[in-house]
Amino acid sequence: MLENWAPILIFFILAAGFGLVSLIMSYLFGVRKPDPRKLSPYECGVHPIGTARERCSVKFYLVAMLFLLFDIEAVFLFPWAVVYRELKLFGFFEMLLFILAILAGYIYVWKKGALEWER
Amino acid sequence: MIEYLMDSEFLLLLLKIIVIFGGVMGALAYLTWLERKVIARVQMRPGPTRVGPFGLLQPIADGLKFLFKEDVIPTNANTFLYVAAPVVSLIPALLSFSVIPFGPSLQITDLGVGLLFIFAITSLGVYGIVLGGWSSNSKYPLMGAMRSSAQMISYELSLTLSVVGVLLIANTLSLAQIVVSQQRTLLGFIPRWNIFLQPVAFLVYVISAVAETNRLPFDFAESEQELVAGWHTEYSSLKFAMFMLAEYANMVTVSALATIMFLGGWAGPMFGPALLQTALPTVWFVLKVGVFIFFYVLMRATVPRLRYDQLMKFGWKFLLPLSLANIVLTSLIVAIAAS
């Protein structure tokens, strides 16, 4: 079992090594002529106004939470789909109940307007 | 330990890793050339022509240029995360190639949970974008990163759910076995590829895959007319190149996955001598992936960008219910057929 994963470790080391070598190479070979304006945040040539560390819209958090809920559903569906042929109609109705429960939540979220981006 | 390292199986594995890593890296470099050339042709321009014949040496020239560019780290950026973000973005993008079957024997490792592994790894890619955007401590990167994280997790749902339809038919998560399960034919002459059995899932998958890789018409992470360059505005030199490489690698991964799950993977007509027969599956696989990538590039050249609220509405209110309905319908048909 574990020897199936050893090649992935080798590949990971190769990929990480490639990334690190790239970082080091661009540090070694790149020219360095720093000046305060070049190192300031880019704002299309205007002096930066305020900071970027501001609060962001709550909608993004809402999307993240909804994602978690529905992704857990997907996690349940994967093993179910793999053994589905043995479960037959029993498996179908069991999962139908689960999907209906999720669907009720989905309709509730829709009606509450959590999926409206412009509001 | 030494015996294991000298083992012929291990040497074969190393050879495979080198071939696949090198091949993928070369392909990614030339994808930039292909994209520039195709878009140029669509817009009636010649595209890169100066460096080498047909501009074929352009990727090498670009690489060298990236290498010698100034490595700018903005003063108020969070230095460690800022430097780490491109690597965080690149590693998962490359790592998914370790389970993709390029041919019957050209696969580094066939995990029993290969598909799950790819989804787990590719969803880590969003960290690179968010860390890069946030640690730049600048407004455009932050906005690009926020938008792209919400977009990627929204479309990941329909992406993973669309695949469940295929799993119901194939009953395995191993990528090589999914390909093998499609080797039979329907009615004697149509290949039994999942695209014919799961057309809705295929459509949902292709659309979500474009959104998942932040490509036009869903490139809200970048959207250069609004956000300069989105999450990598502050990046330069090879760090920028790594972000680009990761984006192209993700594009190849989702195309390869589409080929494996819907287009029969390496399946194709076999003919000729034995040596040709061993190479042909990989040729078919690469050709099928190439079709998807060409489609991606054409999309970028022809389709305008959506609005952000349209994107979210489309993902949550259309693709998600559609893929759920597809699962219910498919499972009903499979259950009736099985009993």
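How many Å separate the centres of domain 1 of chain B and domain 2 of chain B, taken over C-alpha atoms?

1. The model is a predicted one, and within it the centres of domain 1 and domain 2 of chain B, taken over C-alpha atoms, lie 19 Å apart. The contact between these two domains draws on 15 residues from domain 1 of chain B and 18 residues from domain 2 of chain B. As for the bounds, domain 1 of chain B covers residues 1-68, while domain 2 of chain B covers residues 73-338.

2. On the side of domain 1 of chain B that touches domain 2 of chain B, α2 (8-42) and α3 (58-67) of chain B each supply at least two residues. The most comes from α2(B), which gives 13 residues to that side. Sorted by class, this side of domain 1 of chain B holds 12 nonpolar residues, 1 polar residue and 2 charged residues.

3. Chain B as a whole has 14 helices and 2 strands. Its radius of gyration is 21 Å, close to the 20 Å that the globule rule gives for 339 residues, so chain B is as compact as a globular protein of that length. The C-alpha atoms of chain B fill a box of roughly 65 × 50 × 50 Å along the principal axes, and buried residues make up 51% of the 339 residues in the chain. Among contacts in chain B between residues at least 6 apart in sequence, 78% join residues that are at least 24 apart.

4. Chain A comes to 3 helices and 0 strands, which follow the pattern α-α-α along the sequence. The radius of gyration of chain A is 25 Å, well over the 14 Å that the globule rule gives for 119 residues, so this chain is more spread out than a compact globule. Along its principal axes, the C-alpha trace of chain A spans about 70 × 50 × 15 Å, and 17% of the 119 residues of chain A count as buried.

5. Regarding confidence, the mean pLDDT of chain A is 83, with 97% of its residues reaching 70 or more.

6. Helix α2 of chain A (residues 58-82) has 25 residues and should span 36 Å at 1.5 Å a residue; its end C-alpha atoms are 37 Å apart, which agrees. Within α2(A), the residues V63(A), L66(A), F70(A), L77(A), W80(A), A81(A) and V82(A) are buried. These buried residues pack against α3 (84-112) of chain A, and also against α7 (139-170) and α14 (308-338) of chain B.

7. The contact between the chains takes 64 residues from chain B and 53 residues from chain A. On the side of chain B that touches chain A, the elements giving two or more residues are α2, α4 (79-95), α7, α12 (237-262) and α14 of chain B. The largest share of that side, 14 residues, comes from α14(B), a helix against which buried residues of α2(A) pack. By class, the side of chain B that touches chain A has 41 nonpolar, 14 polar and 9 charged residues.

Technical notes
Residues numbered from 1 in each chain as written. Chains lettered and ligands numbered in written order. Predicted model: local features only at pLDDT ≥ 70, side-chain atom pairs only at ≥ 80, totals over all residues. Helix = DSSP H or I, 4+ residues; strand = E, 2+ residues; numbered from the N terminus. Expected span 1.5 Å × (residues − 1). Buried ≥ 20, exposed ≤ 12 C-beta atoms within 10 Å, placed from the backbone. Contact = placed C-beta atoms within 7 Å. Domains from an automatic or database assignment. Nonpolar A, V, L, I, M, F, W, Y, C, P; charged D, E, K, R; others polar. Rg over C-alpha atoms; globule rule 2.2 N^0.38 Å. pLDDT = per-residue confidence, 0-100.
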